[in-house]
Amino acid sequence: MTYRAPINDILLSLNHGAGLAAAVEAGHYGDFDGDITAAVLEEAGKFASDVLAPLNRVGDEHGIKLDNGKVTTAPGWPDAYQRWTAAGWNAVSGPEAFGGQGLPLAVNAACTEIWSASNVAFGLCPLLTLSAIEALDAHGSAELKKTYLEKLVTGEWTGTMQLTEPNAGSDVGALRTRAERAPDGTYRIKGTKIFITYGEHDMTDNIVHFVLARLPDAPAGTKGISLFLVPKFLVNADGSLGERNDIHASGVEHKLGMHASPTCTMTMGDKGGAVGYLIGEENQGMRCMFTMMNQARLGVGLEGVGIADRAYQQALAYAQERRQGKAIGHKSDGMDPIIVHPDVKRMLMQMRSMTAAARTICYATAVALDVSVRAKDAKVRAEAAARGALLTPIAKAFSTDIGNEVAYLGVQIHGGMGFIEETGAAQHYRDARITSIYEGTNGIQSVDLVTRKLGANGGASVWALLDELAAVIKQVETSNDPAFGTTGAKLRDAHAALERTSKWLLERLASAPNEALAGATPYLRLFAATLGGCMLAGEALAAKANGEAEPQRYVALARFFAENIAVQAPSLEKTVTESAEAVTGADAVLAG
């Protein structure tokens, strides 16, 4: 089946669950007209359905090819990319001064979900370019911006992020790529980077690499890392392309999924060193790179949402068509579609509700990041920045976990046919797997949430968010709508569990940090289950209040999530607070 963007669901999530409409009304978005959001997303949905979705299977089957340092993408890929840039999709949230449309990051986040759902391997390329734009705009010199930023914003050139090395994965401080100062103020970069997404391809005539490297006199560890812009082709003074730089793809990976996305080993220095230009200051590369990584982490979370929605749409269509067995009480001849069976309904509702919750968490992260730079009031910007920092690891980890879980259920609903490649369900399952690994594994996101984000400003961001969620729960309880069932009670239990667990972790971080870290992953799940449940309930209330078509379906969705997913919160609390010793004391078991 093809993909159709769920525009109504996206708009409800974006405007009400994530708070875009309220932020626009409060004046945080300046003169942005929120009414254009629907039009933008409608067009994005058409492009995704007509151009990108048909290439998804083609890319998976064909993959990419490396020959003499050149990567050839799947048939139709370069043409689709040219159509993409010509339509202005790469420039949606780019700065207007450099050819961008200046639309909110939140609107582009919704577009990112749509690209990921229709063709996640294609969407990876502009996702990383967006991160490159953010880093260059925030930290690059005026000269570098003049030369490179407009080309990146329009998509004429693409960007990469080069951190990982054979000996330096999550521990970036162990990297060995070297940078040497040149007399002309540039640098010469030598080393090897692995797992570089779209490090080489045939869709644009230049690629702008952002490379972490270490100067000879740099301090050890992450304090001694610098960030450099290393173009595939050097750029002449008049903006034309010059000679080939000393950087090339020396290998490509053969992967479980994302077959159409080239994942390259990049080698620099075979001919004396690649010419690089410093971004920011020497030995401050991690600060610059985190600008890229935080954007990329949100983008990867949206990949999880997109894959989940695509898997759900396909499973729903299959369940409506596949006939097997009879519904209880059905007396007519013939078999019924499997969607009549309660367990299939349960799986479909689980897929849709978890996807919806992850979607809103990601959009809320984007709105917070928007407000952190767009609001006029400094206090509002600071609070939004803290909210965005808090939500980013949750958006990345929960949404990509959900992408994996929903794709798994999609295969299950297809039964034996899900295990066969021809149905396409297996591709979603394979493609989703990497999302919980790259851009910081989900375990690292959980550690980040517990050790850095939870206690920031004395936990002020967490308590402020909990207050907002409590207000939503109260609205559900006072609505007296029987269709909500026990949603209010279940969310109140989850809220209380999250509050107690947050306080427990803050205490343990000071007295017994390993106990706190042992519970980091279940804590992130507890946080997301509570947050997602309250957000879906808020959307359901908004759908009723705003006269949305069929508002009760949103109530039913919120109820299912509260009574089947958020209800797990008290158990997750016990896992965090009562089971730490089962982890910290496991050495005897793991010794062999």
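A pocket, for this tour, is an open set of grid points where a probe fits, with protein on both sides within 12 Å along at least five of seven lines. One thing to keep in mind as you click around: the model is predicted.

**Stop 1: the largest pocket.** Select Thr-164, Ile-437, Tyr-438, Glu-439 and Gly-440, which are the closest to the centre of this pocket among its 47 lining residues. The space here comes to about 1200 Å³. Now colour the elements that give two or more residues to the lining: helix 5 (105–139), strand 5 (187–197), helix 7 (285–321), helix 9 (378–414), helix 10 (425–433) and helix 11 (442–453). Which helix supplies the largest share of the lining? That's helix 11, with seven residues.

Stop 2: Head for Gly-17, Ala-18, Gly-19, Arg-387 and Glu-468, the closest to the centre out of 37 lining residues. Helices that each supply at least two residues include helix 1 (7–17), helix 2 (20–25) and helix 8 (342–374). Helix 12 gives the most, eight residues. By class, you'll find 23 nonpolar, ten polar and four charged residues in the lining.

**Stop 3: ring pairs.** Time to show the side chains. Two aromatic rings are described by how far apart their centres are and by the angle of their planes. With a cut-off of 6.5 Å between centres, the model has twelve aromatic pairs. Pick Tyr-29 and Phe-32: their ring centres are 6.1 Å apart and their planes meet at 50°, so this pair is tilted. Are these two buried or exposed? Both Tyr-29 and Phe-32 are buried.

Next, jump to Tyr-523 and Phe-527, where the centres are 5.9 Å apart and the planes are at 80°, so the pair counts as edge-to-face. Both residues are in helix 15 (residues 520–545), four residues apart, or about one turn of the helix. Tyr-523 and Phe-527 are buried as well.

**Stop 4: a cluster.** Select Phe-47, Trp-77, Tyr-81, Trp-84, Trp-89, Trp-115 and Phe-122 together: they form one aromatic cluster.

**Stop 5: charges over rings.** Zoom in on Lys-151, whose charged end sits over the ring of Trp-157, 5.5 Å from the ring centre. Then find Arg-244, which lies over the face of Phe-233 at 5.6 Å from the centre of that ring.

Technical notes: Residues numbered from 1 in each chain as written. Predicted model: local features only at pLDDT ≥ 70, side-chain atom pairs only at ≥ 80, totals over all residues. Heavy atoms only, no water. Phe/Tyr/Trp six-rings, centres within 6.5 Å; stacked < 30°, edge-to-face > 60°. Buried < 20%, exposed > 50% of the residue type's maximum accessible area, 1.4 Å probe, protein only. Lys NZ or Arg CZ within 6 Å of the ring centre and 35° of its normal. 1 Å grid on protein atoms, 1.4 Å probe; cavity = no way out; pocket = protein on both sides within 12 Å on 5 of 7 lines; lining within 4 Å. Points joined across faces, edges and corners; volume = space filled by probe spheres on them. Nonpolar A, V, L, I, M, F, W, Y, C, P; charged D, E, K, R; others polar.
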